[in-house]
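Have the viewer open as you read.

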Amino acid sequence: MGNNQGITILKIGGSVITDKSADNGAARQEEIRRIAEEIAGFKSRLVIVHGAGSFGHPQAKRYGLTDQFDPLGSIITHRSVKELNDIIVDELNEAGVSAIGLHPMNCTISDDGRISEMSLNIITSMLDTGFVPVLHGDVVMDKKLGTSVLSGDQIVPYLASKLNAERVGIGSAENGVLDGDGKTIANINPGNFDNIKGFIGGSANTDVTGGMLGKVLELLDLSEVSNTTSYIFNAGNAGNISGFLNGESIGTAISKTEP
Ligand SMILES: Nc1ncnc2c1ncn2[C@@H]1O[C@H](COP(=O)(O)OP(=O)(O)OP(=O)(O)O)[C@@H](O)[C@H]1O
Ligand SMILES: [Mg+2]
């Protein structure tokens, strides 16, 4: 036990599994079921992280959680994203995946918005025993701020580097990182990022954690600290999640150097 070889980390974006334009939690049950079935075919060690979509961003925005400590807002936001986690974990189990929900609020402390500690031993024990931990964007306790909003996009590179993951992918509702003509950029690395960053923005919907630019910055950082290549791809297209899990390079690759 304790062998971390071959871990895959997959994020499923809130823009795919929820109607992100809604003011309050609206799950896309059919999409969640399809995704659960694609994941069921994968038999290696897997950590799933999902976004909050309309089960977290509108609530966090309503209570101003990125600017202030608000106990009631923290509770409401946490409960809402937990509800989405239950829906996803139920569908995964229905599809035959031994999924267990793991709420960052209960296993993470941040410091000024960045993860300071996470109970990695719980995650590695689950992986060692064949469970699939399912984490999510959440409100977490924060040493400086009281609570802070923790993006799934920050959890992914944190776990990738701590668990020495082999494959890292973030599925969202666009074909990858798009350029000014709407074409998918094949590769982003620290060398070409300055020429590309003008094309990358936040989110078309409510997103309190930086939208597409937030993802790219997190994954560029990961490429530099651990030399990991990761992928941003469209999880809304049937077959992409199973393709990624089976080793395909899809969407935009984020890497330390040009491929
Ligand atoms: N250059 C770009 N290429 C692709 N998408 C972009 C770009 N610039 C901005 N975006 C926006 O990024 C958004 C996707 O990020 P967002 O954080 O909303 O999705 P998500 O991660 O699936 O959701 P969640 O944060 O709830 O998990 C889309 O709304 C898209 O319009
Ligand atoms: Mg987001």
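This is a predicted model: local features need pLDDT of at least 70, side-chain atom pairs count only at pLDDT 80 or more; totals for chains, interfaces and linings use all residues.

A residue counts as buried when its relative accessible area is under 20%, taking protein chains only. Of the 11 residues in α6 (residues 152-162), 9 are buried, so the helix is largely enclosed by the rest of the structure. The buried set is G152, D153, Q154, I155, V156, P157, Y158, L159 and A160.

At the start of α6, a side-chain oxygen of S151 comes to within 2.9 Å of the backbone nitrogen of D153. Just after α6, N164 adopts a positive phi of about 55°.

Now for the ligand. Ligand 1 sits in the largest pocket. The elements giving two or more residues to its shell are α1 (14-17) and α8 (211-226), and α8 contributes the most, with 3 residues. In total, 24 residues surround ligand 1, and the closest are G14, S15, S203, D207 and K215. Sorted by class, the shell holds 7 nonpolar, 12 polar and 5 charged residues.

| Residue | Protein atom | Ligand 1 atom | Distance |
|---|---|---|---|
| S15 | polar side-chain atom | oxygen | 2.5 Å |
| L178 | backbone N or O atom | nitrogen | 2.9 Å |
| K215 | polar side-chain atom | oxygen | 2.3 Å |

How much of ligand 1's accessible area does the protein cover? On its own, ligand 1 has 640 Å² of accessible area, and the protein covers 90% of that.

Methods
Residues are numbered from 1 along each chain as its sequence is written. Chains are lettered from A and ligands numbered from 1 in the order in which they are written. Side-chain values use heavy atoms; hydrogens and water are left out. A residue is near a molecule or strand if one of its heavy atoms lies within 4 Å of it. A polar contact is a pair of N or O atoms within 3.5 Å; within protein, one must be able to donate a hydrogen and the other to accept it, and residues adjacent in sequence count only if both atoms are side-chain atoms. Accessible areas come from the Shrake-Rupley method with a 1.4 Å probe; for residues, only the protein chains shown count as cover. On a 1 Å grid over the protein atoms alone, a cavity is a set of points where a 1.4 Å probe fits but cannot get out, and a pocket is an open set with protein on both sides within 12 Å along at least five of seven lines; lining residues have an atom within 4 Å of a point. A molecule sits in a cavity or pocket if more than half of its atoms lie within 2 Å of its grid points. Helices (H or I, at least four residues) and strands (E, at least two) are DSSP runs, numbered from the N terminus. Ala, Val, Leu, Ile, Met, Phe, Trp, Tyr, Cys and Pro count as nonpolar, Asp, Glu, Lys and Arg as charged, and the others, Gly among them, as polar. Buried means under 20% relative accessible area, exposed over 50%, partly exposed in between (1.4 Å probe, protein chains only).
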